[in-house]
Amino acid sequence: MLVNQIKYQEIAKQLMEQSVTLVAVSKTKPPAAIEELYNFGQRDFGENYVQELVDKQAALPKDIRWHFIGHLQTNKVKYIAPFVHLIHGVDSYKLLKEIDKQGEKRGRVIEVLLQVHIAQEETKFGLDDQELATLFQQVVAEGLSYVTIRGLMGMASFTEDETQVKREFQYLKSLFDKYSQKHSLQILSMGMSGDYLLAVQEGSTMVRIGSLLFGARN
Ligand SMILES: *Cc1c(COP(=O)(O)O)cnc(C)c1O
């Protein structure tokens, strides 16, 4: 057993009842662990590293929906462009443009989420409200045809302080509501192993859960 089956079934059921999509974060875990969850019916998997994602995609069933949830470098977009289902962490126009270019080359529209900086920590990537507004404006003005912004993604502070985490999720939800109509946003990706219940409570439509399903990473 490479995955916690009981935990998986409990979480999957709970999320399905609330129409929240579960992305199983399989980074650093072997393909056999992914297959185990696949056999229980899981189809959405998330990875952080391009090479690891490319290798796993080649080795595993073709109906898996692969989510790229790490920080994507512009020069690596081409490796995942042929198959990636959703890129969660887009935080610059330069990256959007490159995704558009690679989408055009492959004749497919690539769906992305814009990453918003909501945590207190300085190290986390993402846009603030002003940068988000600017980026949306640029996208509308330039009319990129091979990339579609489906929603927003964010990571809360790594803290035990639930009030703080809740406040950050509420902030992200407020930005989602602010832009969702004008830009047809449908996905709000927030919540991980430690805070997904809070995230769902605050309006998340997609959670990214790794260690609760696969155990701690090294
Ligand atoms: C690793 C990772 C996760 C999953 O984290 P867990 O705490 O193991 O659930 C979710 N989102 C992102 C962006 C990650 O890098």
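Modeller: Gladly! Let's start with helix 7, residues 162-183: at 1.5 Å a residue, its 22 residues should span 32 Å, and the end C-alpha atoms are 31 Å apart, which agrees. Please keep in mind that this is a predicted model.

Biologist: Where does helix 7 bend?

Modeller: At Asp177, by about 25°.

Biologist: Why is Ser19 called exposed?

Modeller: Exposed means over 50% relative accessible area. Ser19 has 64%, so the word applies. Ser19 sits in the loop between helix 1 and strand 1, and has a positive phi of about 55° although it is not a glycine.

Biologist: What is the phi of Ser184?

Modeller: Near 50°, a positive value in a residue other than glycine. Ser184 is in the loop between helix 7 and strand 7.

Biologist: What makes up the lining of the second largest pocket?

Modeller: Six nonpolar, four polar and three charged residues. Of the 13 lining residues, Ala12, Met16, Val20, Leu22 and Gln42 lie nearest the centre of the pocket. Helix 1 (5-17) gives the largest share of the lining, five residues, and strand 1 (21-25) supplies at least two. The space in this pocket is about 170 Å³.

Methods
Residues are numbered from 1 along each chain as its sequence is written. This is a predicted model: local features need pLDDT of at least 70, side-chain atom pairs count only at pLDDT 80 or more; totals for chains, interfaces and linings use all residues. Side-chain values use heavy atoms; hydrogens and water are left out. On a 1 Å grid over the protein atoms alone, a cavity is a set of points where a 1.4 Å probe fits but cannot get out, and a pocket is an open set with protein on both sides within 12 Å along at least five of seven lines; lining residues have an atom within 4 Å of a point. Grid points are joined across faces, edges and corners, and a volume is the space filled by probe spheres set on the points. Helices (H or I, at least four residues) and strands (E, at least two) are DSSP runs, numbered from the N terminus. Ala, Val, Leu, Ile, Met, Phe, Trp, Tyr, Cys and Pro count as nonpolar, Asp, Glu, Lys and Arg as charged, and the others, Gly among them, as polar. The expected span of a helix is 1.5 Å times one less than its number of residues. The bend at a residue is the angle between axes fitted to the seven residues ending there and the seven starting there. Buried means under 20% relative accessible area, exposed over 50%, partly exposed in between (1.4 Å probe, protein chains only).
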